[in-house]
Amino acid sequence: MWIAAMLVALSGCSGDGQDTGPTVICNSSSAWTGGAAFSDETTAWGLADVRGVKMSTADLNGDGYPDLIVNEGTPHSRDDLSAGVRYHWLLMNEDDGSGHRTFVDRSEESGLWALRPGTEDGGGDFRASQVHVMGDVDNDGDLDVFAGAFTDANHPETDLGDRSELMINDGTGHFSFGTDHLQVSGGYSTSGASFADVDADGDLDLWVTGWYEQYGAIYAEQDRLYVNNGVGDFGEWTSQAGLEMERGSGSSLDPWLEGTARRPAYGATACDLNGDAMPDLLASNYGRSWNQQWMNQGNGTFVDTGRESGFAGDDDLSYVEDQFYACYCEVYGPCDPDPGPPRLAGCETYAEYWTPGFDDQPARLNGNSFTTACGDIDNDGDNDLITAEIVHWHIGRGSDPTELLINDGSGVFTRPGNDTNGLARDWPSADWNAGDLYVAMVDIDNDMLQDILLISSDYPDTRLFLFRQVEPGRFTEVAEEMGIAHPWPAGMAVADFDRDGDLDVITGSSTARSGTPWDSHELHFYENQLGPGNSVRIRLEGTAANKAGIGARVAVTAGGVTQTREVSGGFGHFGIQNDTALVFGLGDACTIDAVEVTWPGGATDRFDGVLPNQSVTLVQGGEVRVEGDAGGD
């Protein structure tokens with residue numbers, strides 16, 4: 001519903017001819033009090049025929065509205081437009097001529113997935129890529145795209161040679177090939193990427209994570225850091241930065257148990273965890289292996305502190321509920337501790353899935369991490385974390401669940417526990433599976449408290465979950481009541497697509513398992529109908545810092561609350577990216593008391609004159625450019 005704005009100060013002149021300054025718009029609160037808050041507006045937004053399970057959003061043509069990249073996530077997948085085979089979509093957010101916004105397919109003309117010369121054999125119209133994150137790598141004022149390729153070594157017969165590419169934007173959403181130094185000629189299972197200025201030199205660098213070299217093998221890819229030389233050309237800096245790890249050994253378990261071997265990552269994240277204005281690097285790792293928290297030392301090197309900080313895994317190292325262990329004990333036992341009778345049939349097979357001295361060790365008793373989201377959930381000025389995890393009933397609750405990690409300000413974390421903060425879920429079936437793949441911190445109702453949006457794939461009893469923060473540190477699940485409990489979702493993009501002052505949500509539909517209601521990967525656009533209440537939309541423009549302001553932290557004080565957000569260069573499983581323009585909910589506040597930006601490297605600006613219900617660009621050095629109100633330009 002729309003809530004009429006109330007003008008509390010008039011622009012122009014007062015009765016005595018004095019200039020009273022700019023218009024201040026004060027809205028009634030949009031606080032949610034129950035009932036549907038979202039409407040499925042997929043058709044109205046032109047998305048009824050779009051298919052995909054991975055998506056990211058940012059303004060690619062500089063018109064101030066976030067656009068959308070969607071893909072199916074299938075390795076070695078080229079589009080055949082004449083046959084109607086589509087895997088990739090670039091959708092521009094455009095006015096249809098009547099004042100209504102809609103997405104228009106500009107995939108072919110954009111050149112984003114052009115075939116690199118020499119890789120045309122095998123046909124197809126678009127190059128295959130599965131990870132898409134955006135950043136202004138040449139500081140020319142527009143967002144370029146890293147299009148990462150996940151190559152599948154199990155199927156070399158379908159590999160047509162498409163590799164990760166950096167695509168350079170001309171400012172209008174048309175792209176050409178950039179550096180080829182990001183390619184791995186033999187192929188690389190790219191699983192995540194994040195732009196960040198790791199050396200605070202004003203140029204965006206790139207953190208890339210990889211999964212297994214080959215599924216079914218023990219060896220994981222080496223995560224990689226690429227450093228920008230200042231003109232958008234990149235060189236690999238993995239070894240020099242201290243990020244290189246052992247490939248491991250087929251004859252010894254020691255590298256895995258000691259934590260020196262590579263781990264299969266399913267997502268990359270970069271954010272400042274200790275307040276030094278330098279980005280730290282996170283790898284969300286699969287296989288119940290330790291996650292990695294690479295702390296930036298400020299001199300171009302990194303140190304993994306994940307086990308000491310509490311990020312690598314939780315403290316629950318139990319395995320007695322693991323049914324593979326129970327089967328092993330049934331076949332080869334007795335065991336201590338005694339797991340009791342196994343609940344799996346066919347223990348002769350499952351017993352072989354358990355290796356004593358390996359599967360019972362701390363290095364293997366963590367989570368199946370897919371996404372780590374970074375944000376200030378408790379409004380205390382530092383970045384907290386939440387990890388999205390898959391947990392299977394047959395492994396048991398010793399497998400790390402999706403959970404909030406609260407930062408003490410130094411990059412050390414505590415876990416309040418899902419049973420204490422309202423994030424626990426009761427699965428109705430005995431053979432439950434928590435299929436959490438994607439997660440984000442978002443203030444969905446502009447009440448100055450960030451909520452948690454969780455995408456939980458297509459296991460039975462899973463759906464999109466929305467945990468509303470009802471008071472600091474306390475959450476209630478409200479997706480069904482709010483009208484956004486999308487069943488068996490896949491992927492997410494969150495932005496104020498219509499620029500009305502609140503956040504909308506796009507998600508896909510998974511068909512990986514039988515029993516889902518979907519027969520295709522259809523997209524759904526959930527438009528936020530709460531009305532804007534009071535909010536402010538802030539875009540950054542660096543001068544000494546990178547021009548897109550990625551890695552900068554914005555603190556907005558209003559109504560006695562200071563909210564802090566960091567501009568992200570992509571995060572999580574297969575490259576989630578939400579808009580680089582930040583939307584701050586202001587609740588009932590109609591005055592902004594302070595806006596402060598800390599740029600990468602530590603330079604700080606205070607911006608005066610920012611008003612509620614405006615869209616502004618804050619330029620490093622102190623300039624405030626007003627782009628319009630919450631409804632657009």
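Two strands pair if DSSP finds at least two bridges between them. I take strands (E, at least two residues) and helices (H or I, at least four) as DSSP runs, numbered from the N terminus.

I am reading a predicted model, in which local features need pLDDT of at least 70 and side-chain atom pairs count only at pLDDT 80 or more, while totals for chains, interfaces and linings use all residues. Residues are numbered from 1 along each chain as its sequence is written, and side-chain values use heavy atoms, with hydrogens and water left out.

**Entry: the sheet of β8 to β11**

I looked up an open sheet of four strands. Its order is β8-β9-β10-β11, with antiparallel pairing. β8 (131–135) and β11 (175–177) are the edge strands, each pairing on one side only. Strand β10 covers residues 165–169 and meets β11 through three antiparallel bridges. I followed N169 across to β11 and found F175 as its bridge partner.

**Entry: β33, β36 and β37**

Next I went to β36 (residues 594–598). It pairs with β33 (residues 553–558) in the antiparallel sense, over five bridges. One of the links joins T557 to its bridge partner A594 in β36. β36 also pairs with β37 (residues 604–607), again antiparallel, over four bridges. There V595 has F607 as its bridge partner. β36 and β37 form a hairpin with five residues between the strands, and G601 takes a positive phi near 100° in it.

**Entry: T402**

Which loop holds T402? I found T402 between β21 (384–392) and β22 (403–407). Is T402 buried or exposed? It is buried, because its relative accessible area is 9%, and buried means under 20%, exposed over 50% and partly exposed in between (1.4 Å probe, protein chains only).

I then checked its polar contacts (N or O atoms within 3.5 Å; within protein one must be able to donate a hydrogen and the other to accept it, and residues adjacent in sequence count only if both atoms are side-chain atoms). The side chains of T402 and D436 are joined by one of 2.6 Å. A polar atom of the T402 side chain also lies 2.9 Å from the backbone nitrogen of E389. Beyond four places in sequence, T402 is in contact (heavy atoms within 4.5 Å) with residues including I386, N418, R425 and L454.

**Entry: helix α4**

Helix α4 spans residues 323–332, and its buried residues are Q323, F324, Y325, A326, C327 and C329. Part of what covers them is α5 (347–350). D322 caps the N-terminal end of α4. Its side-chain oxygen lies 2.9 Å from the backbone nitrogen of F324.

**Entry: E481**

I found E481 in helix α7 (residues 479–482). E481 is partly exposed, because its relative accessible area is 44%. Leaving aside neighbours within four places in sequence, E481 is in contact with W32, G34, G35 and A36. L466 is 15 residues away along the chain, and the two C-alpha atoms are 9.9 Å apart.

**Entry: the largest cavity**

Last, I looked inside. A cavity is a set of points on a 1 Å grid over the protein atoms alone where a 1.4 Å probe fits but cannot get out, and its lining residues have an atom within 4 Å of a point. What lines the largest cavity? I count 29 residues, with M441, R565, E566, N578 and L582 nearest its centre. Strands supplying at least two lining residues each include β16 (265–271), β25 (438–442) and β34 (561–566).

Conventions: On a 1 Å grid over the protein atoms alone, a cavity is a set of points where a 1.4 Å probe fits but cannot get out, and a pocket is an open set with protein on both sides within 12 Å along at least five of seven lines; lining residues have an atom within 4 Å of a point.
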